[in-house]
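Please read the text alongside the sequence and the structure shown here.

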Amino acid sequence: MASLSIETIWKAYGDVIALRDINLEIADGEFVVLVGPSGCGKSTLLSIIAGLEDTSHGALHLGARDVTDLSPKDRNIALVFQSYALYPTMTVRQNITFGLENRRVPRDEQARAVAEVAKLLQIEPLLDRKPAQLSGGQRQRVAMGRALVRDPDLFLFDEPLSNLDAKLRVEMRTEMKKLHKRLGQTIVYVTHDQVEAMTLSDRIVVMNGGEIQQVADPDTIYRKPANLFVAGFIGSPAMNFLDVEITGRPGELSAVLPGPSPVTLPLGATRDELTPYLGRRVTLGIRPEHLRPGGDGLPLDCTVEVVEPTGPDTMLVLDMAGHALVAVTPAEYRPAEDSRITLALQIDEASVFDPETGRRIARAEEGAAVETLAARRRA
Amino acid sequence: MTVADTHIPDLTRRKPRSAGQIAGRVALYAVLLVMAGFVLMPLAVIALNSVRVNEDILRESFIGWPTRLTLENWGTAWSTACINASCTGVKPYFWASMLMVVPATVISTAVGLLNGFALTKWRMPCADVIFVCITIGVFLPPQVVLLPWAIALSWLGLAKSLTGLALVHIIQGTCFTTLFCRNYMINLPDDLIRAAQIDGAGFFRTFWRIVLPLSPPIIIVTVIWQFTFIWNEFLFAVTFSSSDFRPITAALMSLNADDTGVSEYGFGSAAVLIAAIPPLVIYFLGGRYFVRGLTQGAVK
Amino acid sequence: MPSAPHAADFRPRPKSRARRISELVPLAVLLPTLITTGIYIFVFVIWNIYLSLTSSTLLPVYDFAGFDAYTRLWRNPRWTTGVWNLALFGLLYIGLTTLVGVVLAILMDQKVRGENLLRSIFLYPIAISFVVTGTTWQWILNPSTGLEAFVKQLGWQGFEMGLITSRETAIYAVVIAAVWHAAGFVMVMVLAALRGVERDLVKAGQIDGAPMLRIYRRIVLPAIWPVLISVLIILLQFAIKTFDLVLALTHGGPGISTTFPAIFVYDRLFAAGELAQGAAAAVWMLIGLVVVFLPVLALNWALKRRKGGAA
């Protein structure tokens, strides 16, 4: 196992820039998930780490080694493909040992390594089958076995669960987490599935348009998204955005929702960081679960448009003075459609963004943390 | 309701056909059988003639049942018939063709497989330009290179020799095999090659262990194509042959051309069949795979 | 927002020695083919063009005689007859072979019993050489021994066909033999393509109440155009190279009535000792091929584009 450091990586295909100034430090034993919409550059970045693509600029260090110019076989990494890429003409055993064979590992040692991995992944009865005779989940295990057997410095996963059905995906997710806990490998994992990103990772890297948007632990990503993109991308149903104007005076700020019948949300003394924005517009980001049917909070009068019971929750599509809102409320709460209800907005949980830059306006106590992150990115 | 409660209807019963449908089926089979008869007729006629005695052929016609079966024609055709004033039968020409066709087929197929892999699965500068050039080679009419080939082979001291003709077929055939293999291999998943790269396999090892075991469909296509094409080829065969080396198509044409009378139809038919047997055998062994491979992407 | 790096930063990084060598391997593998194909395609063709501009007769001479060989070529009735024959033969051969092949394929697509056997029967002629095909058909069509003699034998004394002995009709004998040779191959290609057409398309047609014939004409055949174009290209190839079939079947006769450009080239080069004229004729064959191919490739491209636009 080793740490990975990605330093100012750029990647261009002709005039198209696929990756822009990527900097990332991954600690030994850390599980990092790269997440983003398709075309965001996450798979390109993974290919560059694997050595399947060259960089246009920048350097990669694996532990103390500079691997920027090494070919994939000399990097000592393993990659689990979305398609699994099992060699169809080889048995499971041959699939697993192919990498060892290429590295001239003695036969008895190969056999021992296969036995160990097969036991770990519970694929012992499958060793003499061909990939075509395996189910999706079994193929997935074999692909992991092929990666594990070589004891690489770094594991790369390229959307490894996306070809499985929903139930199996959840099972394998849990199993991967257990495996990581037990073996402690350094892992870079690419996915477009935010649930995988949230559940598996020590840290999430959100990417868009070839750039890193935010690097943080799952909680921070969810609760304190660094910009409008991260706020909108992470979370399902998506965060509600309201453009409001800050009025009042320092210490007694209000957010006013414009429209034919403006709604005023008194912010009180808790959002001092918005003082510089007095008289200007900001974007208020509210998670659907922070609109509650009762309890403390700023009261919001809404009309219920659609009620969608999902099982564990009830999802409401609402209209508030001409603005669309989505709320996730407890399952037993079932207002009638077209009825008027009052929800309690947990304003303390809301994120606020500068609409011009799209960046989060940090609250006083979290300012320090964001500053360090910014400093790290500059370095 | 459980399965046991369910009444299972008669699943084998067929829908009865209407009179119109039956008439349609009869017409369909009639047309197909007539066509099949037409296609089979020449082969059947030749096969029958090869076991007829010459008197029968002369008395009746080229088309007819044998009154008496004889294998004499086959013996004559194989070892004693006179072609081009040398009475050796088709035996030497048959073996000359075999000795030329087998190496040319094997070598051009092997090179085509490696080329196809290099062109599709390895980062290769200007692979598309190379591919276009090779495609031009496939479509070039042979007449336009015939004279340069003749001059070049005589410079190399290979004029009218087995090696020379094999060389011509290897070089021209490589264009075909590369085209076929490239079109097949471009559809193999790239991830397999990447996985092999990460597993530490180089170009040749990836080829040998991953790509080649996946290639039997296209190997069958190229082998059948190359074998039948080279075996049946006539223009280069007649241009680059001499009394020392003559492929079977060129020998047959001589037999056909010294048409001195009807007397030779019996062994002539046998000789024609001998020339047709190797490609026919190849087709009947691998024809199904050939068609599948051809339509799966060799011709696109 | 980081500033864009200087353009110099995007220059390819120097690579390690081992990596450079490993990237050269595929090029090294292709090199022999590149050299031989390069010689074959470019050097030989240009060499042939050069020879066509010389005054070479029995042996190659490297002088310059302008387009002398070309003008003499077009005054030679053997050549003009050959070109005319090729045009007529090409049209009939490609048209009939495609027609028979497509019709057979559609018939075979009706859940026929014994399909594998029938397919093998229809396919076998393509495995047989043109020399064998021509020789066999010559024997069958020979008036004194073949089909005519057979019919007379049966008692119909007045039966006359004389297909290969007449100057006017001998070319049709070539067409028959050539269609016999390739129709089954076309059938098999088209049948495989028919099987590849989405069954849902046909079902949708049936639900719309279209009769089977219209379903084929309007839905199925347009869906298999790539294969039809491949077939067209392969048949064009066969047609333009027509040589051994004619030699074995009619020897180009009676007289020169079934001569072809390919026969003319061979005759000039290796029998008549007219190297320059033979080379010039070969150049015309190449030009002819290009002229015929360009519309086909353009059609292919246009169809692909239309399909791409619709998708």
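## Interface of chain B and chain A

Contact, taken as heavy atoms within 4.5 Å, involves 16 residues from chain B and 26 residues from chain A. Between chain B and chain A about 1,900 Å² is buried, with carbon and sulfur atoms giving 57% of that area; buried area is the accessible area (1.4 Å probe) that two parts lose on being put together, summed over both. On the chain B side, Ile198(B), Asp199(B) and Arg209(B) lose the most area to chain A, and together they make up 37% of what that side buries. The model is a predicted one, in which local features need pLDDT of at least 70, side-chain atom pairs count only at pLDDT 80 or more, and totals for chains, interfaces and linings use all residues. Residues are numbered from 1 along each chain as its sequence is written, chains are lettered from A and ligands numbered from 1 in the order in which they are written, and side-chain values use heavy atoms, with hydrogens and water left out.

Three salt bridges are found across the interface of chain B and chain A, a salt bridge being a side-chain nitrogen of Lys or Arg within 4 Å of a carboxyl oxygen of Asp or Glu. The side chains of Arg205(B) and Glu101(A) form a salt bridge with an N to O distance of 2.9 Å. Side chains of opposite charge can pair when their charged atoms come close. The interface of chain B and chain A also has 11 residue pairs in polar contact, both residues at pLDDT 80 or more. A polar contact is a pair of N or O atoms within 3.5 Å; within protein, one must be able to donate a hydrogen and the other to accept it, and residues adjacent in sequence count only if both atoms are side-chain atoms.

Helix 8 (190-198) and helix 9 (203-211) of chain B are the elements that give two or more residues to the side of chain B that touches chain A. Helix 8 of chain B provides the largest share, seven residues. Helices (H or I, at least four residues) and strands (E, at least two) are DSSP runs, numbered from the N terminus. By class, this side of chain B has eight nonpolar, two polar and six charged residues, where Ala, Val, Leu, Ile, Met, Phe, Trp, Tyr, Cys and Pro count as nonpolar, Asp, Glu, Lys and Arg as charged, and the others, Gly among them, as polar.

## Interface of chain C and chain B

Chain C places 84 residues in contact with 82 residues of chain B. The area buried between chain C and chain B is about 7,500 Å², and carbon and sulfur atoms give 79% of it. In chain C, Tyr40(C), Tyr124(C) and Trp139(C) lose the most area to chain B, together 11% of what that side buries.

Between chain C and chain B the count of salt bridges is zero, while nine residue pairs are in polar contact, both residues at pLDDT 80 or more. Helix 1 (residues 17-52) of chain C gives the most to the side of chain C that touches chain B, with 19 residues. That side of chain C divides into 61 nonpolar, 18 polar and five charged residues.

## Domains of chain B

Chain B is divided into domain 1 (19-80) and domain 2 (91-298), with bounds from an automatic or database domain assignment. The contact takes 14 residues from domain 1 of chain B and 16 residues from domain 2 of chain B. The C-alpha centres of the two domains of chain B lie 32 Å apart.

Domain 1 and domain 2 of chain B bury about 1,400 Å² between them, 82% of it on carbon and sulfur atoms. No salt bridges are counted between these domains of chain B, and one residue pair is in polar contact, both residues at pLDDT 80 or more. Helix 1 (19-50), helix 2 (54-59) and helix 3 (72-80) of chain B each supply at least two residues of the side of domain 1 that touches domain 2. The residues of that side of domain 1 of chain B comprise nine nonpolar, five polar and no charged.

## Annotated regions of chain C

An unreviewed UniProt entry places the feature "transmembrane region" at several stretches of chain C, including residues 170-194 and 281-303; such annotations may be inferred rather than shown by experiment, and UniProt positions are given in the numbering used here, with feature names shortened. Residues 170-194 of chain C are 100% helix and 0% strand, with the end C-alpha atoms 35 Å apart. Residues 281-303 of chain C are 100% helix and 0% strand, with the end C-alpha atoms 33 Å apart.

## Salt bridges in the whole structure

Over all chains, 18 salt bridges are found. One of them joins Lys42(A) and Glu159(A), whose closest N and O atoms are 3.9 Å apart. Lys42(A) lies in helix 1 (residues 42-50) of chain A and Glu159(A) in the loop between strand 7 (154-158) and helix 5 (166-183) of chain A, so the pair ties together parts that are 117 residues apart in sequence.
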